[in-house]
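These are my notebook entries on one chain.

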Amino acid sequence: EHPQKILALEMGGNNPLVVYRASDLDATAYLILLSAYITSGQRCTCARRLILVEDAHTEQLLARLKRAIEKIRIGYWNESPEPFYGTVINAAAGRRIQHEAAQLAAQGADVLAELQPLRGNDALLSPGLLDVTGLEGVSDEEVFGPLLCIRRVKNFDDAIREANNTRYGLSAGLLSDDSQAWQRFIHEI
């Protein structure tokens, strides 16, 4: 009865971003960075899980992604130049995100970029990048902040299976040069 009103629902998610046969590694790293860390990772559509179909370029991509993460400007809203992102919603949320990252590291995750508080502020966090490949029992809960977990897989079948390994279904992404993969992804995700 009120078409002028917009209803937006924050549904939560543990969203996958799959990388398969993406040849432009700089663009791929940039898009991963945007998908995972924009607005401090506080969008329900942010990538939470990076699923990499391993190939000859995987390590180069990760090296570029790590370098890009190191260059992210993090700060407060009123700083100049303007930061890429700022604080998470509050210090309590920041501590929960830090706890999740520490738990994954304690379980054996390979820490590629350490998520930690900056400037003594638990709400101002550096971006975390953890490789959780091979870890069992990784929670399917959404971590609403700048934390991205990597899973390496052998082929596109495994990538689809891993992407669908969640009880959520809010969003998913595919970075690929392979148009057949896009069509398959649309139908199977």
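**Entry 1. Helix H1 with helix H2**

I began with the crossing of H1 and H2, which is right-handed (right-handed if the near helix is turned clockwise from the far one by less than a right angle, left-handed if anticlockwise). I note that the model is predicted, that local features need pLDDT of at least 70 and side-chain atom pairs pLDDT 80 or more, while totals for chains, interfaces and linings use all residues. Residues are numbered from 1 along each chain as its sequence is written, and side-chain values use heavy atoms, with hydrogens and water left out.

Helices (H or I, at least four residues) and strands (E, at least two) are DSSP runs, numbered from the N terminus. H1 covers residues 25–37 and H2 residues 58–71; I found an angle of about 55 degrees between them, with the axes 9 Å apart. Axes are lines fitted to C-alpha atoms, for helices over the stretch in contact, and angles run from 0 to 180 degrees between N-to-C directions. The angle makes H1 oblique to H2; angles under 35 degrees count as roughly parallel, over 145 as roughly antiparallel, 65 to 115 as roughly perpendicular and the rest as oblique.

I then listed the contact (heavy atoms within 4.5 Å). H1 contributes Leu25, Asp26, Thr28, Ala29, Ile32, Leu33 and Tyr37, and H2 contributes Gln60, Leu61, Arg64, Leu65, Ala68 and Ile69. By class, the contact of H1 with H2 has 9 nonpolar, 2 polar and 2 charged residues. Ala, Val, Leu, Ile, Met, Phe, Trp, Tyr, Cys and Pro count as nonpolar, Asp, Glu, Lys and Arg as charged, and the others, Gly among them, as polar.

**Entry 2. Helix H4 with helix H5**

I looked up H4 (residues 156–163) and H5 (residues 179–188), whose axes come within 11 Å and cross at roughly 30 degrees. That makes H4 roughly parallel to H5. The crossing of H4 and H5 is right-handed. Phe156, Asp157 and Ile160 of H4 meet Ala181, Arg184, Phe185 and Glu188 of H5. By class, I recorded 4 nonpolar, no polar and 3 charged residues in the contact of H4 with H5.

**Entry 3. The sheet**

I traced an open sheet of 6 strands in the order E3-E6-E7-E2-E1-E8, with mixed pairing; two strands pair if DSSP finds at least two bridges between them. Strands E3 (110–113) and E8 (173–175) stand at the edges with a single partner strand each, so one side of each has no neighbour in the sheet. The twist averages 25 degrees from one strand to the next.

Strand E6 (residues 128–131) runs parallel to strand E7 (residues 147–153), and 4 bridges join them. Leu129 has Leu148 in E7 as its bridge partner. Helix H3 (residues 91–107) lies across E3, E6 and E7, at about 30 degrees to E7.

**Entry 4. Backbone exceptions**

Most residues other than glycine have a negative phi, and most peptide bonds are trans. I looked for exceptions. The peptide bond from Ser80 to Pro81 is cis, with omega near 0 degrees; Pro81 sits in the loop between H2 and H3. Arg21, though not a glycine, has a positive phi of about 50 degrees, and I located Arg21 in the loop between strand E1 (15–19) and H1. Arg119 is likewise not a glycine and has a positive phi of about 55 degrees; Arg119 is in the loop between strand E4 (117–118) and strand E5 (121–125).

**Entry 5. The whole chain**

I counted 5 helices and 8 strands, in the pattern β-α-β-α-α-β-β-β-β-β-α-β-α along the sequence. The C-alpha trace spans about 50 × 45 × 35 Å along its principal axes.
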